[in-house]
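Thanks for coming. I will keep this short and go through one model.

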Amino acid sequence: MPETARSGVRSSFVRERAPRASEAGYIGGMRALLVAAAAALALTAASAAGGATKTTCPAAWVSGWQALANKIDAPVYCPTWMPNPLDAQIKGQYIDIYSIGKDRSYLVSFLEHGDEGSGDVHVNFRGYPGRTAIPKCPGPVAKSKPIPCFSEPVAHMTGSGIRATVYQVNQGADQWHILLAWHLGKSLYTVSEHVIPPYQFSTQVKRNLQKLLNSLVLVRPGT
Amino acid sequence: MKLDRRRFLGGAAAAALAGGSIYELVDKLGGGTPARTVVRNLPPEQHVFDLLSTTSEGVEVMIPPLHSEVITAQLQDVDLLKARGELEDVLLQLDDAYDPSPSGLGVTVAWGLPYFARVRTAADAHLPFDTRANKAVLLPNRRFPSDPEETILEDNDVAFLLRSDDADHIDEARKLLFGLSFLHITSVRHGFAGGGFDGKQSLPKKLAMAAGVPGADLIPNDAELFLGFTSTQKAGLGPRLIANHETLGFVDLRGGYFHGGTHMHLSHINEDLEAWYLNFDFGERVLTAFTPGQKARNNQQTVPQGPKDVQDVAQVSAAYAKTGRIGHSAAIQTTSRLQADVTGPDGTVYPKGTAIPQRADFNTLDNPFTFSANQARDKWSADPSAGVHFVVFNPSGDDFERNRLAMDGGLPGKKLGLEPRSRAQGFNSVLTTTHRQNFLVPPRRHRSFPLAEL
């Protein structure tokens with residue numbers, strides 16, 4: 001499991017930005033490149049949001065997701081919509097974490113960091129091939145026992161043939177995020193988004209997550 | 001008495017308040033006013049404000065007034081005796097107009113150290129003394145271990161606490177007070193509490209949603225306060241006279257001028273609702289608010305805290321040794337609950353485990369105040385922010401300090417090594433105190449400019 005902690009920035013107790021671990025990948029540093037093209041792509045993707053569900057991973061994004069599926073030898077979910085201004089291009093300008101664990105679990109994170117106080121847009125995708133149990137994370141204080149990485153289920157959402165559970169309290173890289181989790185076969189998948197301006201209300205984030213859920217398409221390995 | 005709203009007095013503070021605010025929504029959104037009994041007799045104590053009770057999840061809880069407001073002021077150069085007469089006239093008008101209950105109006109006048117410096121000779125002779133602590137009852141302001149360095153220690157002469165279910169009653173009291181030319185209003189602090197005991201949406205939820213503060217959508221629909229737990233259960237509040245200086249026997253009244261008085265602490269605390277609801281799941285919220293190992297049904301808001309549920313130093317220490325953290329209520333109970341039966345001077349027996357402090361705290365969307373005369377110092381903003389105006393009555397300032405230190409892990413005879421504002425330190429990781437001041441509340445007979453006549 002990729003234990004990559006990326007803190008939120010708003011809490012007094014998670015204010016320090018934790019190091020970004022990357023077990024088997026890279027952390028994007030290409031944000032300065034292709035800004036205009038990516039923005040155009042994001043807008044194109046956004047225009048599809050909430051509307052008709054695309055049936056294939058966008059051409060500009062598919063190679064990265066396909067490579068991921070091949071690498072872990074398991075299906076992965078490619079979004080066809082992302083909250084503005086993000087795209088979901090692995091190796092693109094918004095990639096923040098790309099991490100694959102020895103157990104083939106992965107974390108793919110996209111981030112737009114507003115340095116001028118405009119806030120962050122931050123979306124994480126996870127997959128845990130071959131396991132359905134919610135993983136454990138370190139507890140919040142030194143003597144805490146490990147706790148579920150995703151807890152406080154508050155609702156369900158459906159979309160793209162998926163019935164996901166909405167988790168409100170999440171750990172590690174998903175701290176301060178609202179998270180959707182679901183099973184495909186014997187595997188667990190999640191997508192989450194940070195509750196922070198410009199999406200500062202959980203209701204806004206849940207709307208985005210519903211759109212993300214509606215937009216997911218499966219990318220199978222070796223295809 | 002029904003004053004004309006347009007005869008609103010008070011200069012800058014009045015102008016600032018006249019523009020309307022989120023609080024005007026209280027009456028539009030608030031639904032019904034709780035049924036109250038009418039109280040005719042004014043108690044000798046200013047701080048006594050009798051509330052009705054109801055049942056919440058099987059626990060008896062007091063129904064707080066819907067609206068509360070604190071007005072702080074400094075005194076202009078003033079003839080104290082003349083001002084005393086003018087203030088007393090205003091207070092008598094309010095006494096005549098309103099019953100001293102939530103259906104009418106509660107008025108509590110509290111005086112700070114800067115005021116008593118103006119009557120130093122009489123104060124030296126008459127201010128009560130805490131013999132348990134070997135300290136004055138009214139202590140200089142201080143910061144506590146979990147307070148940031150930025151916490152402002154205030155220097156107001158006087159504070160007026162106004163409480164009612166009817167916002168108009170508070171408006172009218174404010175108008176009269178603003179008309180007193182010797183008061184330089186330094187702040188107005190407004191807020192609300194309650195609703196929700198009937199299962200309907202509570203005021204804090206409605207107001208937070210209407211104001212659009214971060215985390216508002218995460219507050220339970222019927223929560224009495226922003227943080228989602230009922231804090232006015234009867235067993236958790238001091239009974240009627242226990243906070244009087246004289247009741248528990250550790251205050252020397254030195255002649256009795258302040259018999260029936262009490263100590264009041266006033267602070268403003270920001271609450272990070274998103275941190276609370278997005279980083280603490282329900283189980284962790286329960287153990288943080290109460291104690292590690294606290295049992296509660298899922299989404300339970302009113303968790304019994306009766307005398308039998310009270311924890312002592314040994315229990316809190318053991319829980320800390322095992323879990324590395326403390327719960328808010330349990331830590332404070334080591335000092336806020338009686339450690340043995342006590343018989344008051346009127347013969348009332350207060351059993352072991354009885355709560356001492358009488359809290360009158362209320363939620364707010366002030367940032368940090370509705371009005372501030374010193375916006376730069378107070379870091380005032382028009383943007384609403386979730387918080388609490390914390391008002392509490394204790395027999396002495398030291399008694400308050402014991403409770404506040406316990407909240408940080410400073411238990412009687414034992415200091416737990418908790419990092420300030422860490423998640424292990426109870427609520428402190430989601431609370432930030434912006435302002436503090438201690439006050440003394442004289443008995444009603446001396447509420448206006450105490451000691452000035454001597």
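Predicted model: local features only at pLDDT ≥ 70, side-chain atom pairs only at ≥ 80, totals over all residues.

Residues are numbered from 1 along each chain as its sequence is written, and chains are lettered from A and ligands numbered from 1 in the order in which they are written.

Chain A, then. Its secondary structure comes to three helices and 11 strands. Helices here are DSSP runs of H or I with at least four residues, strands are runs of E with at least two, and both are numbered from the N terminus. The order along chain A is α-α-β-β-β-β-β-β-β-β-β-β-α-β. Chain A has 223 residues, and 47% of them are buried. Buried means 20 or more other C-beta atoms within 10 Å of the residue's own, exposed means 12 or fewer, and partly exposed is in between, with C-beta atoms placed from the backbone. Of the contacts in chain A between residues at least 6 apart in sequence, 59% join residues at least 24 apart. A contact is a pair of residues whose C-beta atoms, placed from the backbone, lie within 7 Å.

Next, the two chains together. For the classes, Ala, Val, Leu, Ile, Met, Phe, Trp, Tyr, Cys and Pro are nonpolar, Asp, Glu, Lys and Arg are charged, and the others, Gly among them, are polar.

Now the core. The largest nonpolar core has 158 residues, and those with the most contacts inside it include W65(A), L180(A), F160(B) and L273(B). A nonpolar core is a set of buried Ala, Val, Leu, Ile, Met, Phe, Trp, Tyr and Cys residues joined through C-beta atoms within 7 Å. Leaving aside neighbours within four places in sequence, the contacts of L273(B) include V213(B), L218(B), F226(B) and A386(B). Another core, of seven residues, lies apart from the largest one, and V48(B), F49(B), V59(B) and F197(B) are among its members.

Two helix pairs in chain B. Helix α3 (residues 80–97) and helix α6 (residues 167–178) of chain B pack at about 165°, with axes 10 Å apart. The axes are lines fitted to C-alpha atoms, for helices over the stretch in contact, and the angles run from 0 to 180 degrees between N-to-C directions. That angle makes α3(B) roughly antiparallel to α6(B); under 35 degrees counts as roughly parallel, over 145 as roughly antiparallel, 65 to 115 as roughly perpendicular, and the rest as oblique. V90(B), Q93(B) and L94(B) of α3(B) make the contact with A173(B), L176(B) and L177(B) of α6(B). These residues divide into five nonpolar, one polar and no charged.

The other pair is α11 (residues 328–336) and α13 (residues 397–407) of chain B, at about 150° with axes 8 Å apart. Here too, α11(B) is roughly antiparallel to α13(B). The residues of this contact divide into four nonpolar, five polar and one charged. How is α13(B) placed in the structure? Because 10 of its 11 residues are buried, α13(B) is largely enclosed by the rest of the structure. After α13(B) comes G409(B), with a positive phi near 95°.

Last, the backbone. Most residues other than glycine have a negative phi, and most peptide bonds are trans. N84(A) and P85(A) are joined by a cis peptide bond, with omega about 10°. P85(A) sits in the loop between β1 (76–78) and β2 (95–100) of chain A. The bond from N367(B) to P368(B) is also cis, with omega near -10°. K379(B), not a glycine, has a positive phi of about 55°. With 14 C-beta neighbours inside 10 Å, K379(B) counts as partly exposed. L451(B), not a glycine either, has a positive phi of about 75°, and L451(B) is buried, with 23 other C-beta atoms within 10 Å.

How values were computed
Contact = placed C-beta atoms within 7 Å.
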